[in-house]
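User: I am new to this structure and would like to understand the terms used for it. Could you walk me through them?

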Amino acid sequence: MSRKVKVGIIGCGGIANGKHMPSLSKIAEVEMVAFCDIKIEKAKKAAAEYGTPDAKVYEDYKELLKDESIEVVHVLTPNREHADITVDALYAGKHVMCEKPMAKTAADALRMVEAAEKTGKKLTIGYQHRHKAQSRYAKDVIDHGDLGEIYYANCLAIRRRGTPNWGVFLDEEAQGGGPIIDIATHSLDLTLYLMNNYEPRLVMGKTHKKMEHPEAANPWGDNGVSTTTLEEAACAYIEMKNGATIMLETSWALNTAEPVAEGSCVLCGSKAGLQIKNDNLVINKVEYDRQVKTEVNTKSGGVAFYSGASDKPAEVEARAWINSIINDTEPVVKPRQAYVVSQILEAIYTSSKTGMPVIFE
């Protein structure tokens, strides 16, 4: 009989229902035994759909953490709650998957890192774009040395008209920011991961809120889009300690003809380059004195790394996370890596406010 990992869900809103609970439900070794939400009806609904027959529901996450049978907790709340709940869960002896971004502030992210290191419990962050087939193939190419030294990168998450207006996305106090912290976080995480470079030296950033009617043509409707204080777009220059440079571009609403999905990046190395844009992977290089571009078909071929594997990033992420619990291995997304992402994102906001670059020691 295979081992069962008992999971508690804290926060039963959109990301829980759209990503985490459906993905966990496909893993035979997982039992979702507890659900918590400040709106108890959401917890009850989640328990009825995804829970075990005796699953419990809570309004107070601290009551859920008292259940010693729960081994893993998924923290799926607004950003401002990530740190406090994660730290409490780690000290309660739980392994934690926290949805991105790691926290509202870099200081909170560091608290999470330190709690994981002090307790010895596993902590990971929900950067599922690392688990895309394109990203996994690109990582193999890079780790094999085919790109050489990666010294220039561009990370992209650009919507033409797509400001989210449900939940607390437009609440600056709850979330901490707009597209920088919402979608650029995915692209930056993937870029740093592929480069294997987590040592920033300098960040210069600028946010923009200029559009007269960002709600126009928004597929999600108006609902306060034009009145939010959050940025609509931003760009940044990031210099790493080894001299590599990263350009970051992001927007929820921008008058551009070429939107680019979150989790997109361009990497240029001394031997070759590659780009992941809108889930297409292209490798560019020179062969026999000719410029060559190869579009990699990641929709066919390859070998699934577990029986019945899905190639959906959220499901691959969930399986990899649960495997790290069962096999006592490191999670794919490590806490200190996610902390660096939070540091850089916060530095973009700080630089935009001060008009000065942020220098890292």
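**Helices side by side**

Analyst: Happy to. Helix H6 (residues 133-143) and helix H8 (residues 179-195) have axes that come within 9 Å and cross at roughly 30°. This is a predicted model, where local features need pLDDT of at least 70 and side-chain atom pairs count only at pLDDT 80 or more, while totals for chains, interfaces and linings use all residues. Residues are numbered from 1 along each chain as its sequence is written, and side-chain values use heavy atoms, with hydrogens and water left out.

User: What makes H6 roughly parallel to H8?

Analyst: Angles under 35 degrees count as roughly parallel, over 145 as roughly antiparallel, 65 to 115 as roughly perpendicular and the rest as oblique. H6 and H8 cross at roughly 30°, so H6 is roughly parallel to H8. The axes are lines fitted to C-alpha atoms, for helices over the stretch in contact, and the angles run from 0 to 180 degrees between N-to-C directions. Helices (H or I, at least four residues) and strands (E, at least two) are DSSP runs, numbered from the N terminus.

User: Which residues of H6 and H8 meet?

Analyst: On the H6 side they are Ser135, Ala138, Lys139 and Ile142, and on the H8 side Leu190, Tyr193 and Leu194; contact means heavy atoms within 4.5 Å. By class, five nonpolar, one polar and one charged residues make up this contact of H6 with H8. Here Ala, Val, Leu, Ile, Met, Phe, Trp, Tyr, Cys and Pro count as nonpolar, Asp, Glu, Lys and Arg as charged, and the others, Gly among them, as polar.

User: Why are H5 and H10 called roughly antiparallel to each other?

Analyst: The axes of helix H5 (residues 106-119) and helix H10 (residues 335-354) come within 9 Å and cross at roughly 170°. H5 and H10 are therefore roughly antiparallel. In their contact, H5 gives Ala106, Ala109, Leu110, Val113 and Glu117, and H10 gives Pro335, Arg336, Tyr339, Ser342, Gln343 and Glu346. That contact of H5 with H10 has six nonpolar, two polar and three charged residues.

**A salt bridge**

User: How do you know that Lys44 forms a salt bridge with Glu41?

Analyst: A salt bridge is a side-chain nitrogen of Lys or Arg within 4 Å of a carboxyl oxygen of Asp or Glu. For Lys44 and Glu41 the closest N and O atoms are 3.7 Å apart, so the pair meets the rule. Lys44 and Glu41 are separated by about one helical turn because they are three residues apart in helix H2 (residues 40-50). The structure holds 25 salt bridges.

User: What makes a space a cavity or a pocket?

Analyst: Both are found on a 1 Å grid over the protein atoms alone: a cavity is a set of points where a 1.4 Å probe fits but cannot get out, and a pocket is an open set with protein on both sides within 12 Å along at least five of seven lines. Lining residues have an atom within 4 Å of a point. Grid points are joined across faces, edges and corners, and a volume is the space filled by probe spheres set on the points.

User: How many cavities of 30 Å³ or more are there, and what lines the largest cavity?

Analyst: The count is three cavities of 30 Å³ or more. The largest cavity has a volume of about 70 Å³, and its lining is Met97, Thr124, Ile125, His131, Glu317, Ala320, Trp321, Pro331, Val332 and Val333.

User: What is the volume of the largest pocket?

Analyst: It holds about 1,100 Å³ of space. Of the 44 residues lining the largest pocket, Gly14, Ile15, Leu76, Thr77 and Pro78 are the closest to its centre. Six lining residues, the largest share, come from H4. By class, the lining of the largest pocket has 19 nonpolar, twelve polar and 13 charged residues.
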